[in-house]
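Hi everyone, thanks for coming.

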Amino acid sequence: MPNDQSLELLSLPSQALTRLSQSAVQDTIQYFEPDLITIPGPRDAAAYAQVRDAAPDVFVIHPQLGRSGEHITHYRYSTDTGVREASNTTSEPGMIDVLAVQNLDILTRLQSELETNTRDTGSRAATFLILPQLSIEWNTTSLSTTLPEQDQLTAISNCLPEPVTVLAGEQPAEYNHEWTVQSTQSSDTLLIVGLGAHNQGSATVAQYSCTSRGTVAAEAVDASKFGLKALHGVGASTAQRLQQKECRTTQDVRNLSITELAELPGIGPTRAEKIHGHADVIESGEPLVLTNKTPIKTRGNQPPVCLDIETDGLSPTIIWQFGVYDPASDTHQAFIEKHDPKNPETVLEAFITWFIANHGNRTVLTWNGYGFDYPQIKQFLTQYCPEYLDAWDDVWTYDLYKWAVRDGNALLPGRTNKLDHVARALGYEAAGTGLTGAKTAAVYQEFMRNPDDPEREPDWERHKQYCKDDCQALWHVYQAITDAKRRDMTDSGTGGVNGQQAGLTDF
Amino acid sequence: MSEHNTPDTGSQIGMTGDTLLDTFPRTSLTSESDFIETIQIPEKPAETVPAGDILRPELAEPYPFDLFSHQAAALNALEDNDNVTIATSTSSGKTHIYGLQIARNLLDAGVLNADGTRATERNDASTALCVYPMKALTKDQHESLTDLYDQLGLDIRVETYDGDTTGDRRAIRNEADVILTNFAALNVYLEHHDKWSRFYSALDLVAIDESHTYTGIEGMHVAWILRRMKRVATYWGGNPQYTLTSATIGNPHAHSLELLNEPVTVIDDDGSPHGPRDIVLWNPPPRDKTRDATPDDAPFTTTDQDSETDESDTEFVAERVPASVEAPKVFNHLTSSEIRTLLFCPSRKLTELSIQRADDHRKHNTREYDLTSKPQREAYNAGLGRRTRHSREHQFKTDVLTGLATTSALELGIDIGDLDATVLMGYPGQRQSFWQRIGRAGREASHSLSVLVGDHRTLDQYIINHPEYLLENDVEDAVVDTSNNSVFATHVLCASDEIALTEDDLDTFAETDRLRAAVQMWREAGYIDGYLDAAAHYCGPSRPQTQVNLYGNNDTDYRLELAPDVDRDHWGLPDDLDLEPVEQNRAYRDYHEGAVRLQNGQQFEVVNVDEERPQPVIQLKPVDHDYYTRTQNKVNVLDADSEETRDINGFTLHFGRGTVLVHYHSYDQMYISNSEPKQQMLATETPPILMDTQLCWVEVPDDVETALVRKYQHYGLETGVDPDETGMAHLGYVAGLHAAEHATIQTAPLELRVDKNDLGGLATLVMDTHYTHNEYDEITDSISESFEAAKHALEQRTQELGGQTRSGWFIYDGVEGGLGFARAIYDNFEALCERARDQLENCQCGQPNGCPACTFDENCGNDNKPLLRQSAVDVLDQLLGDADREDLSEHLPDDDYGGNRRPVVFYS
């Protein structure tokens with residue numbers, strides 16, 4: 001099977017599209033650079049037109065429309081050829097296929113076409129089946145779940161030699177579950193991944209890396225992070241006013257003078273400066289520090305050590321990896337529980353004794369540590385090694401995410417506040433382990449269920465690398481912030497209501 | 001409960017029952033009137049034990065009282081490490097039991113020195129959690145515990161921690177010895193249990209106050225919150241003992257066991273005293289409808305004496321002055337005589353109306369009452385919002401107010417000072433609740449008066465006809481049921497968020513199969529990650545705890561707000577209406593568009609219901625209408641699946657689950673003045689609700705059915721139906737089933753602590769068509785919530801089943817997933833039927849189809865038609881074995897009787 005060939009599929013649910021201006025749709029497409037786009041959920045001709053207009057060169061899958069009597073849409077992909085319509089190409093074994101049906105009733109026809117080989121798919125690379133309206137149903141009174149059309153889906157999966165992955169339109173973008181479908185003869189598994197057109201919660205768009213092995217990794221971003229609303233301090237009404245001034249993109253905002261911005265209703269000089277600053281950050285990829293505060297206090301002229309932990313889930317039963325990167329010596333130390341996943345104490349004690357002995361006098365830096373890492377470390381110390389609690393309490397701990405984002409001390413590029421997105425936007429080149437926090441947790445969970453099965457033993461080196469990568473990404477972001485342009489907004493912008501004071505034109 | 005064992009201050013006689021009857025301005029009223037019954041309850045002395053026999057000297061010496069015998073027994077059981085439930089009367093010193101146990105724990109743990117000073121600043125050794133049903137009660141008990149510890153000279157840190165806490169929350173978590181809260185708050189705080197590690201690791205005692213209030217939906221949620229709390233405590237190393245304090249209930253042991261999932265010792269031998277007490281059972285005089293004022297003449301006056309006839313004139317009484325009209329008069333009379341009185345009303349609306357009606361009564365009796373000094377009276381209910389409620393509590397306590405017209409909100413131990421009298425507008429539905437309300441009047445040795453003003457409906461008339469019922473020893477069972485999967489599933493999410501679920505939770509948190517099924521469901525639905533053999537973590541939208549709604553089962557409540565175009569200044573309305581949200585079933589029943597509700601003295605009309613958002617919103621507009629609204633519904637039962645059956649004299653009783661389709665389809669506008677309809681059958685335009693729920697049903701044996709169909713085959717108009725609906729041979733019989741269904745639901749609260757508004761029923765001639773059948777698909781799958789489709793499907797099913805079906809009636813829990821009420825009815829069916837039969841037989845209405853006191857049900861979807869008392873009595877007599885099957889033989893046909901074709905009819 002060809003290794004790691006992967007198709008980038010962007011999902012733009014119509015609920016998200018209705019919240020995006022046309023230039024914001026363009027911004028989204030520019031940001032993700034997808035190979036293929038789909039609009040899951042109900043039939044929506046306006047949404048289709050919106051996307052076709054914004055991305056004339058990319059195929060857009062919206063079979064719900066039933067254009068020219070078309071019920072099944074079929075594309076093939078390989079790195080060499082890019083995406084092509086199936087009708088214009090012949091199938092090659094190594095090509096990834098993307099099939100989409102107008103509605104669930106069409107599945108019968110698709111099944112028979114695949115079974116009779118009237119429709120060919122690449123046998124050595126995965127086939128992705130988009131079902132725009134599919135959602136999982138559950139019943140809390142009977143404590144049961146229903147995967148609609150599960151027999152049909154299993155039959156399709158079984159008649160093809162390659163992996164088949166189902167992309168369910170109406171499931172949330174975070175949904176990624178391997179279904180076990182029990183029948184009288186056999187037990188089959190089927191990977192179902194959500195495309196995000198569900199009604200609850202906020203509107204997100206997501207890009208899916210669909211690999212030839214059939215796995216899918218999603219990057220979901222809130223729709224409000226695109227277009228003018230991505231700018232700190234720009235809401236729906238300000239965005240509208242800006243558009244009326246022919247100012248449609250962040251680049252347009254950047255080209256505007258702060259004075260012009262400040263003249264818009266409801267925007268004072270301080271806010272204008274911040275909006276302009278953020279446009280600058282997004283376009284340039286350089287961070288901007290807004291206050292005269294420093295993110296951390298270092299000790300003994302030493303840089304902070306960067307810490308990251310890995311757990312088995314969001315309410316952890318074990319912290320199974322502690323990774324500490326020391327920029328002073330450019331060394332990384334990892335503590336991993338590889339033998340007894342039901343015992344959180346050994347790895348915890350190994351970490352805490354080493355840390356206190358070697359780095360007790362150093363400042364510790366994390367990304368969202370106050371939200372997760374520090375309370376978890378404290379909780380596990382209280383449970384398993386209470387004798388070290390006081391020593392740990394004496395350590396100077398900092399959280400760069402809290403300082404920059406939550407406390408509003410800096411503006412960062414990147415469309416989410418996830419460390420890897422921020423670091424990537426700041427030019428950090430990741431090691432490319434192909435792991436995410438959720439995936440590394442899931443692999444460890446699998447190990448917890450079968451600790452003695454050598455087949456399922458995780459590739460420890462890869463997981464160590466993933467954690468190290470996060471620590472070094474954090475160091476990269478920290479350096480970018482300490483090196484960044486600094487504009488103390490708290491001191492400026494108070495000079496006059498009309499925003500005419502000097503200083504402002506420095507940008 | 002805040003004060004007890006205070007020295008005897010001597011009997012201060014407020015007003016006796018006789019004085020009330022003598023002075024009340026109505027000539028026909030005397031203590032000999034046969035619609036008035038007075039029960040005199042003699043004084044009961046205290047049974048006490050010297051504190052020194054039970055408590056160590058450090059506590060016994062400063063403790064200013066002897067201990068009541070039940071307090072002593074409870075403290076001994078706690079000393080033996082038992083969990084204890086204390087089920088005794090109001091103000092019997094229950095708070096002091098857990099208050100003293102906490103003190104003993106702190107002394108044992110060395111947190112306190114023997115002299116009561118603190119041995120350590122930090123307390124990692126012994127903490128206690130006290131949980132109350134309402135914030136107002138928490139406030140009260142906080143004072144009570146603080147007073148106790150002041151008296152004992154103990155430096156114990158008692159802190160309240162709930163939504164109103166504004167101070168340093170972290171300091172409370174890290175330093176308090178005792179934390180007081182409520183279950184809604186506890187539910188939320190469990191998520192961040194790591195911040196509470198000190199508190200939970202040292203947790204020695206959990207006190208659950210007024211535990212009898214945790215029944216139905218709220219009881220289920222509390223049971224699961226306690227199980228989640230126990231997981232958290234275990235995680236941090238705490239292993240608490242539980243103390244439950246309860247009013248007297250029939251099944252304190254079973255109820256506590258279900259709440260706690262741990263063994264418990266019950267102490268219910270009440271050693272506390274009470275003073276002499278008169279209870280007047282007051283049946284309002286009969287009402288002659290023909291002399292009613294027409295609505296147009298007097299839209300706002302209350303029905304007054306001119307419409308009351310003398311009891312002796314009539315042999316049968318088909319209608320009486322409603323308690324909602326009569327009780328405010330008694331309330332006025334007492335408060336005008338400066339008797340501090342609580343009037344308990346069944347609804348928020350009536351608390352408001354009663355104040356108005358009491359004032360009217362006063363104005364209409366100028367000779368009796370001194371109009372220059374008007375007694376101060378106000379309404380009190382949960383709809384008023386916290387600020388207003390607190391202010392009225394305070395005003396009553398300080399004697400600024402002489403009377404409060406309240407809902408059940410003041411039934412519990414909120415301290416509003418002493419009072420002399422209580423008036424109950426209608427029987428509150430439960431003996432336990434009746435005594436709790438009665439018990440609010442009079443403290444210790446003083447004389448107190450309570451008046452139950454009966455309504456003309458089944459329960460009230462049963463009580464007034466059988467006053468001995470009130471004095472029977474066995475009290476209703478409190479029903480709490482943890483088998484509702486829908487509620488359980490929500491708490492599984494919360495638990496997995498708090499601490500990952502593992503195999504350690506099998507059979508400790510929940511039964512193995514059930515927990516496995518729930519985790520698998522949530523994993524497949526995308527809300528839980530991982531497996532129980534490793535760890536199952538929550539991975540859905542943050543804070544699943546906010547999805548727990550203690551008072552309902554739906555995910556989202558309906559928020560009440562003012563419509564945007566309302567001129568607040570014009571109506572004198574505050575910015576924030578301060579009204580509590582309502583759950584879906586209530587929203588559909590009471591807040592459909594066009595509904596008129598009274599809130600805080602102001603009428604509001606529902607102008608818009610917006611369900612197209614995460615939290616649905618109901619918009620209200622202030623109005624000034626001469627009517628209120630009443631909602632009509634219809635019901636069907638589909639796909640009932642029997643899980644358990646038993647035989648009762650040839651009748652088959654079932655318990656099982658099925659789907660109930662309810663539609664609040666229309667409503668009536670009723671004149672406020674006389675409750676007569678102004679306009680009827682206006683569409684609500686709300687869709688039907690489908691509920692998977694628990695059911696109990698009974699099948700009548702063929703021979704009984706055949707005989708009774710024939711016996712009543714000529715009944716028609718007697719059943720209350722219109723002339724064009726007569727002429728069906730089965731009418732008399734099915735009218736009896738319908739009446740029996742109503743009566744068994746109406747009398748259920750006599751045996752069980754259930755709310756009959758959470759029960760519904762359906763009488764039917766075609767029982768089998770409402771069942772699941774292996775050879776057929778479920779009807780629910782094909783009808784998409786349409787009543788017409790359901791009825792059509794049932795007719796078709798009847799044909800297919802070829803007449804092989806029996807008759808009978810269903811009783812169901814009116815909440816998704818069920819409440820355990822149908823289950824409790826299944827277990828107590830004979831007792832219920834006996835009460836129902838007695839009331840049907842003894843009612844004085846003289847109407848073949850009965851009256852509101854025997855067969856009528858205000859929630860009936862068929863406008864209380866057709867109903868037939870006598871055939872219902874026959875059915876129930878046969879079921880109870882009180883009539884011989886031979887008695888029916890004269891009605892059985894001689895040959896093989898083909899009978900008339902069985903019509904597909906059912907009545908709710």
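Let me start with a definition: a residue is called buried if 20 or more other C-beta atoms lie within 10 Å of its own, exposed if 12 or fewer, and partly exposed in between, with the C-beta atoms placed from the backbone. This is a predicted model, so please keep in mind that local features need pLDDT of at least 70 and side-chain atom pairs count only at pLDDT 80 or more, while totals for chains, interfaces and linings use all residues. Residues are numbered from 1 along each chain as its sequence is written, and chains are lettered from A and ligands numbered from 1 in the order in which they are written.

Phi of E33(A) is positive, near 45°, although the residue is not glycine. E33(A) sits in the loop between α2 (22-32) and β2 (36-38) of chain A; helices here are DSSP runs of H or I with at least four residues, strands are runs of E with at least two, and both are numbered from the N terminus. Is E33(A) buried or exposed? It counts as exposed, because it has 10 C-beta neighbours inside 10 Å.

Chain B has a case to set beside that one. E338(B) has a positive phi near 60°, and it is a residue other than glycine. Its place is the loop between α12 (323-336) and β12 (341-344) of chain B. With 14 other C-beta atoms within 10 Å, E338(B) is partly exposed.

One more loop in chain B, please. The peptide bond from K865(B) to P866(B) is cis, with omega near -15°. You'll find P866(B) in the loop between α27 (829-842) and α28 (869-880) of chain B.

Now to the sheets of chain A. One is an open sheet of five strands, in the order β3-β2-β1-β13-β14, with mixed pairing; two strands pair if DSSP finds at least two bridges between them. Why is one side of β3 (59-61) and of β14 (216-222) left without a neighbour in the sheet? These strands of chain A stand at the edges, each with a single partner strand, so there is no neighbour on one side of each. Neighbouring strands of this sheet are turned by 25° against each other on average, direction ignored. Angles run from 0 to 180 degrees between N-to-C directions, and the axes are lines fitted to C-alpha atoms, for helices over the stretch in contact. Within the sheet, β2(A) and β3(A) pair in the parallel sense over three bridges, and T38(A) stands opposite I61(A) in β3(A).

Another open sheet of five strands in chain A has the order β18-β17-β16-β19-β20, again with mixed pairing. Its edge strands are β18 (331-336) and β20 (396-399) of chain A, and each pairs on one side only. Inside it, β16 (305-311) and β19 (363-366) of chain A pair in the parallel sense over two bridges, with C306(A) opposite L365(A) in β19(A).

Which strands does α11(A) lie across? They are β16, β17 (319-326), β19 and β20 of chain A, and the helix runs at about 70° to β16(A). Helix α16 (460-482) of chain A lies across β16, β17, β18 and β19 of chain A, at about 45° to β17(A).

Let's hop to chain B and look at strand β30 (808-813). Six of its six residues are buried, so β30(B) is largely enclosed by the rest of the structure. Both faces are covered: G808(B), F810(B) and Y812(B) are buried on one side, and W809(B), I811(B) and D813(B) on the other. Five bridges join β30(B) to β27 (689-699) of chain B, and the two run antiparallel; there, C696(B) has I811(B) as its bridge partner. Strand β29 (759-764) of chain B also pairs with β30(B) in the antiparallel sense, over six bridges, and A763(B) is partnered by W809(B).

Finally, where the chains meet: 25 residues of chain A are in contact with 32 residues of chain B, contact being C-beta atoms, placed from the backbone, within 7 Å. On the chain A side, β9 (144-146), β11 (176-182), α11 (373-384) and α15 (437-449) each supply at least two residues. So that's α11(A) again, the helix that lies across β16(A).

Thanks, and I'm happy to take questions.

Notes
Two residues are in contact if their C-beta atoms, placed from the backbone, lie within 7 Å.
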